[in-house]
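Here is a short report for a first look at this protein. Keep the sequence and the 3D view side by side as you read.

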Amino acid sequence: MTVVSVSMPESLLERIDGFADDHGYTGRSEVIREAARNLLGEFEDARLEDRELMSIVTVLFDYETTSVEERMMHLRHEQEDLVASNFHSHVGDHYCMEVFILDGDLEDISTFVGKVRATQDTLSVDYSVLPVEDFAQSLA
Ligand SMILES: [Zn+2]
């Protein structure tokens, strides 16, 4: 195995070490390896492949973080075919919430979620994915 050096906030490292202790991992490397595998395999779902999917992606950020808002606007323009709808709301005293409705395939949705997650200074990123035809069947 290759030894790599990774920067992360002290608080995250403490949580990783605590998690390793609580769950019987051999150490932080094992926790990080498993987290990486989970992240990379997240969108490997045979039930969702080669199907038309709909997805809701929500992004929360501090209203003073205008760089996030700019990045979200850029993503919307860049992914016009994928983004069916997008709106921006204010929640609480100082938070912005960006909601994207996506219509596309698994690869496109996975790429979009990855780009949103890679945006610096977001507070939370959530998403759900649903096949379009299953949704139609459940209404019938
Ligand atoms: Zn706002």
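Contact here means heavy atoms within 4.5 Å. With that in mind, start with helix α4, which lies across β1, β2, β3 and β4 and runs at about 5° to β1. Note that this is a predicted model.

**The sheet**

The four strands in question form an open sheet of 4 strands. Their order is β2-β3-β1-β4, and the pairing is antiparallel. Strands of a sheet pair through backbone hydrogen bonds, either parallel or antiparallel. Which strands stand at the edges? They are β2 (83-91) and β4. Each has a single partner strand, so one side of each is left without a neighbour in the sheet. On average, neighbouring strands are turned by 15° against each other, direction ignored.

Now look at β1 and β3. These two run antiparallel and are joined by 10 bridges. D62 stands opposite Y95 in β3. Helix α3 (residues 66-78) also packs on the sheet. It touches β1, β2 and β3, and its direction makes about 15° with that of β3.

**Aromatic pairs**

The structure holds 3 aromatic pairs. Two of them are set out below.

| Pair | Distance between ring centres | Angle between planes | Type |
|---|---|---|---|
| F43 and Y127 | 5.3 Å | 25° | stacked |
| F100 and F112 | 5.0 Å | 75° | edge-to-face |

The F43 and Y127 pair links distant parts of the chain, 84 residues apart. F43 sits in the loop between α2 (28-41) and β1 (53-62). Y127 belongs to strand β4 (residues 124-131). Y127 is partly exposed, at 26%.

The other pair joins sheet and helix. F100 lies in strand β3 (residues 95-104) and F112 in helix α4 (residues 106-117), so the pair ties together parts that are 12 residues apart in sequence. Both F100 and F112 are buried.

**The zinc site**

Which residues are the protein donors of the zinc ion? They are H88 (NE2), H90 (NE2) and C96 (SG). These donors lie 2.1 to 2.2 Å from the zinc ion. In sequence, the donor residues are spaced H-x1-H-x5-C.

H90 has a relative accessible area of 61%, so it counts as exposed. C96 has 2%, so it counts as buried. The cut-offs behind these words are over 50% for exposed and under 20% for buried.

Note on methods: Residues are numbered from 1 along each chain as its sequence is written. This is a predicted model: local features need pLDDT of at least 70, side-chain atom pairs count only at pLDDT 80 or more; totals for chains, interfaces and linings use all residues. Side-chain values use heavy atoms; hydrogens and water are left out. Donors are N, O and S atoms within 2.8 Å of the metal (3.2 Å for Na, K and Ca); water is not among the atoms, so sites may look incomplete. Buried means under 20% relative accessible area, exposed over 50%, partly exposed in between (1.4 Å probe, protein chains only). Rings of Phe, Tyr and Trp (its six-membered ring) pair if their centres lie within 6.5 Å; planes under 30 degrees apart count as stacked, over 60 as edge-to-face and the rest as tilted. Two strands pair if DSSP finds at least two bridges between them. Axes are lines fitted to C-alpha atoms, for helices over the stretch in contact, and angles run from 0 to 180 degrees between N-to-C directions.
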